[in-house]
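Keep the sequence and the 3D view side by side while reading.

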Amino acid sequence: MFTIEEFLKLNIITRYKNLTGADIPGDRPIEYVSVNDLPLDDFIRKNEMVLSIATPYVKDESLMTQFIEGLIQAGASIFLLAIPGDDMSLSRENAELARSGDLPILMIPWDVRFADICEAVLDRLHDDYNKDVKKVENLQADMLKSFLNGADISSAARIISKSLGCDVSITDMSDNVVGGNPAAPETTRIALK
């Protein structure tokens, strides 16, 4: 899972200004990235990093309020904005709105290309996706090998448990445990049909 903290450590933006004054939730996931402007409608997804030049919003506080509200409603993970110069600040009302909506807003240098940010975030998201795919492929290969060697259902539970990193219980349709560890406090149950 790619997080805000990991993004900031990529050093794409060497400096930024936290416009809300609130702590940045470093462990919040970033699952998407986009460059957006009003109207937001349904274009923003949950856990999306949103970039904008936001130039019109600097002069029109009600537009900034509308933009922040839209990002909060969508569940955006972070808002990065860039304007020429470094003298921008949010009104007290909009800073409070962002804080209460748990939306970090960072002003980044004007000379940072949005394309570079998008490319770096997408590269990292693709790397994470490819690791997950490889993990599933390895699980499938281990399960197939186990099946071809005539292993029992408990072996399958052990293989899945090792892959997921948690105890696994496999049950039949009547909820009877047929493999795995049913006594574990946190168990992922897999029902056989």
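Aspartate 116 and arginine 113 join their side chains in a salt bridge, 3.7 Å from N to O. A salt bridge here is a side-chain nitrogen of Lys or Arg within 4 Å of a carboxyl oxygen of Asp or Glu. Arginine 113 counts as exposed at 59% relative accessibility. Aspartate 116 is partly exposed, at 34%. Buried means under 20% relative accessible area, exposed over 50%, and partly exposed in between, with a 1.4 Å probe and protein chains only.

This is a predicted model, where local features need pLDDT of at least 70, side-chain atom pairs count only at pLDDT 80 or more, and totals for chains, interfaces and linings use all residues. Residues are numbered from 1 along each chain as its sequence is written, and side-chain values use heavy atoms, with hydrogens and water left out.

## Salt bridges

How many salt bridges does the structure hold? The count is 7. Side chains of opposite charge can pair when their charged atoms come close.

| Glutamate 6 | Arginine 124 | 3.4 Å |

Take the pair of glutamate 6 and arginine 124. Glutamate 6 sits in helix α1 (residues 4-9) and arginine 124 in helix α5 (residues 114-148), so their bridge ties together parts that are 118 residues apart in sequence. Helices (H or I, at least four residues) and strands (E, at least two) are DSSP runs, numbered from the N terminus. Glutamate 6 is partly exposed at 28% relative accessibility. Arginine 124 is partly exposed too, at 23%. Asp128 joins Glu6 and Arg124 in a network of salt bridges.

The pair of glutamate 96 and arginine 99 lies within helix α4, 3 residues apart, so about one helical turn separates them. Glutamate 96 is partly exposed at 40%. Arginine 99 is partly exposed at 34%.

## Two helices side by side

Two packed helices are described by the angle between their axes and the distance between the axes. Helix α3 (residues 61-74) and helix α4 (residues 92-100) have axes that come within 10 Å and cross at roughly 0 degrees. The axes are lines fitted to C-alpha atoms, for helices over the stretch in contact, and angles run from 0 to 180 degrees between N-to-C directions. The two helices, α3 and α4, are therefore roughly parallel (an angle under 35 degrees).

Which residues meet there? From α3 come Glu61, Met64, Thr65, Ile68, Glu69 and Ile72, and from α4 come Asn94, Leu97 and Ala98. Contact means heavy atoms within 4.5 Å. By class, this contact of α3 with α4 has 5 nonpolar, 2 polar and 2 charged residues. Ala, Val, Leu, Ile, Met, Phe, Trp, Tyr, Cys and Pro count as nonpolar, Asp, Glu, Lys and Arg as charged, and the others, Gly among them, as polar.

## Strands around β4

Strand β4 runs parallel to β3, and 4 bridges join them. Valine 50 has phenylalanine 79 in β4 as its bridge partner. β4 also runs parallel to strand β5 (residues 105-107), with 3 bridges. There, leucine 80 has leucine 106 in β5 as its bridge partner. Two strands pair if DSSP finds at least two bridges between them.

Are the side chains of β4 buried or exposed? Ile78 and Leu80 point one way, Phe79 and Leu81 the other way, and all are buried.

Asparagine 36 lies in the loop between β2 (32-35) and β3 (48-52). Asparagine 36 is buried, at 15% relative accessibility. Beyond its neighbours within four places in sequence, asparagine 36 touches Phe43, Ile44, Glu48, Val50, Leu51, Ser52 and Phe67.

Threonine 20 belongs to the loop between β1 (17-18) and β2. Threonine 20 counts as buried at 6%. Leaving out neighbours within four places in sequence, threonine 20 has contacts with Leu90, Ala95, Ala98, Arg99, Leu103 and Ile105. Its C-alpha atom is 19 Å from that of proline 56, 36 residues apart along the chain.

Aspartate 87 is in the loop between β4 (78-81) and α4. Aspartate 87 is exposed, with a relative accessible area of 67%.

Conventions
Angles under 35 degrees count as roughly parallel, over 145 as roughly antiparallel, 65 to 115 as roughly perpendicular and the rest as oblique.
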